[in-house]
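Subject: Structure handover

Hello,

Here is the structure I promised to pass on. Please open it beside this email and follow along.

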Amino acid sequence: MDTSSKENIQLFCKSSMQPVGQSSFKTEYSSSKEKQRCCGKLKVFLGALSFVYFAKALAEGYLKSTITQIERRFDIPSSLVGVIDGSFEIGNLLVITFVSYFGAKLHRPKIIGTGCLIMGVGTLLIAMPQFFMQQYRYEKYSPFSNSTLSLSPCLLESDSQLPLSIIEKSQSKRTDDHVTITPKDPQWVGAWWLGYLIAGIVSLLAALPFWCLPKSLPRPRSREDSNSSSEKFKFIMDDHTDYQTPLGEKSKIMEMARDFLPSLKNLFGNPLYLLYLCASTVQFNSLFGMVTYKPKYIEQQYGQSSSKANFVIGLINIPAVAFGIFSGGIVMKKFRISVYGAAKLYLGSSVLGYLLFLSLFALGCENSDVAGLTVSYQGTKPVSYHERALFSDCNSRCKCSETKWDPVCGENGITYASACLAGCQTSTRSGKTLIFYNCTCVGIAASKSGNSSGMVGRCQKDNGCPKMFLYFLVISVITSYTLSLGGIPGYILLLRCIKPQFKSFALGIYTLAIRVLAGIPAPVYFGILIDTSCLKWGFKRCGRRGSCRLYDSNAFRHIYLGLTVMLGTVSIFLSIAVLFTLKKNCVSKHRSFRTKTEGTMVSTRIRKENCTTSDHLLQPNYWPGKETQL
């Protein structure tokens, strides 16, 4: 079917065929005016499409930056957060294949505009739980100046008869006081919903221009009469036979549907396309998982705040990726690299990128000293991580909750799960700073000074951790640039390994595979494996397990980096298979071309000899050597 050979890129590059016998005496002014009108609308389309990509990147990127905030706000584990992140791609599954196949034959500007409207509404809906669910409550001890009841952090056995209603009343009061934590606190949750409102409005605005654009634009006659035979020109334009169809003729949906399965079979019958599809899918599994949990990794591994983690990613990593993609395109254009060269550049960038990624294993920080979880109450390394280790002789007389997580940093540099578990007896507040005194557990592991006080919040990592974080950022930027350098060569390889009439459909299947097999499952199983490194779980008011409060830094690092490198290695081997398949195809085509050329030369020579013999027989005055003399 002729209509199946159209490509997505042809949207505004169709030429309107003139009726037979149309006068060819158009003035130079009208031709110039037509060209300006066409180019003007083409620029509008390109600008609008660029804005759509910006809106989509804004929504998707912001979702990944709020992963830890959503986890804390709704008290859910990383595995469930991975499902939320993967669900961003689920909407594509319903329409992407059919849009890529049928959309090439329908009014694509309106299809793009409809997609933007749906994306905008969906982005706005993500923020709605903030306004319909109860207010965020965090676990925090604080003395109550408005109450005649003064509670010690450590509820002693003698106070165990204290009415529970009084305690619950005092705890509920602190959620209706002013905010007593700072953004550096591990329980801090910012206005995570605000970005979704902005991204949703931007997506809705991005839809507007597409409702004002025509289905196609006429090609300027200066381009139509050009004898250019460049690959770009051939890639954009269609066969002229297709333009002679009546302007009001509608696409035959049923006829196109019958060609769907044969087209799909033809596409998957291409081994080069299939191998590249597998290699890209595995690589995107590693990239999606790595990017989704990178802010969380920076927070847990290097003790950085959520805002700083997202800030440095947006400041240095994203520009590095953009510059890498741009550099790959410049290299392809400047050196006019062939398909085989593009495959080698794609493979080389992957190999070098994942080799650099391996160095991150050596740039980790040790676990924070947390009493009962990573160290004993005496300051020595424990042999097990069972929950009863949170209790010790120093806090045995206190009525403490083993599920509560309100960390206190002791003067000895050890973090305690709560002021009660630190055995603290009294406290004072200065603004938002809360200091505890007479902490029995801090005293037994204190330095020579014997100070037994503590302050709200976790203790900072060791002194070498900030330096490790700086090295991590440098290697991360170089790795991001190197991996993205192969983006354009890989895309060119994808386009050139398939027949022109299947380009639009192939791109749709490629995008579908990336969404289904990488975008959705990768954040889920990355989150499940990361949850296995949790040392301290939080619990909801209903008693169900909530989000993780403390991770084992070493286990987190090995799971996060190891899974990324393992998937990257598999993709490298598949890319090598792509390279060998491409080389084999090139060699076989060269041999067949050479054989065909030699056959043509032989047949031509035989015909010439036969013609020469006939001429000799027809010439009465022929003698040997006549041609030489002439």
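Does Cys 497 count as buried or exposed? Cys 497 counts as buried, because its relative accessibility is 11% and the cut-off for buried is under 20%. Cys 116 is buried too, at a relative accessible area of 3%. Keep in mind that this is a predicted model.

Now the disulfides. The count comes to six. Three of them are described here.

Start with Cys 365 and Cys 465. Their sulfur atoms are 2.0 Å apart, and they form a disulfide. The link is right-handed, with 105 degrees about the S-S bond. It joins distant parts of the chain, 100 residues apart. Cys 365 is in the loop between helix H16 (339–358) and strand E1 (408–410), while Cys 465 is in helix H18 (residues 465–485). Cys 365 and Cys 465 are buried.

Next, look at Cys 394 and Cys 441. This disulfide has its sulfur atoms 1.9 Å apart. The torsion about its S-S bond is about 95 degrees, so the disulfide is right-handed. Cys 394 lies in the loop between H16 and E1, and Cys 441 in helix H17 (residues 440–444), so the pair ties together parts 47 residues apart in sequence. Both cysteines, Cys 394 and Cys 441, are buried.

Then find Cys 400 and Cys 420. A disulfide joins them, S to S 2.0 Å. Here the torsion is about -85 degrees, so the disulfide is left-handed. Cys 400 sits in the loop between H16 and E1. Cys 420 sits in the loop between strand E2 (415–416) and strand E3 (426–430). The two are 20 residues apart, and both are buried.

On to the aromatic rings. A search of the whole structure finds 20 aromatic pairs. One is Trp 192 with Tyr 196: the ring centres are 6.0 Å apart and the planes are at 75 degrees, so the pair is edge-to-face. Both residues, Trp 192 and Tyr 196, are buried.

Phe 556 and Tyr 560 make another pair. Their ring centres are 6.4 Å apart and their planes at 90 degrees, so this pair is edge-to-face. They are separated by about one helical turn, because they are four residues apart in helix H22 (residues 553–618). Phe 556 and Tyr 560 are both buried. They belong to one aromatic cluster, whose members include Tyr 297, Tyr 302 and Phe 469.

Last, find Trp 537. The charged end of Arg 545 sits over its ring, 3.8 Å from the centre.

Best wishes

Technical notes:
Residues numbered from 1 in each chain as written. Predicted model: local features only at pLDDT ≥ 70, side-chain atom pairs only at ≥ 80, totals over all residues. Heavy atoms only, no water. Phe/Tyr/Trp six-rings, centres within 6.5 Å; stacked < 30°, edge-to-face > 60°. Buried < 20%, exposed > 50% of the residue type's maximum accessible area, 1.4 Å probe, protein only. Lys NZ or Arg CZ within 6 Å of the ring centre and 35° of its normal. Disulfide = S-S within 2.5 Å.
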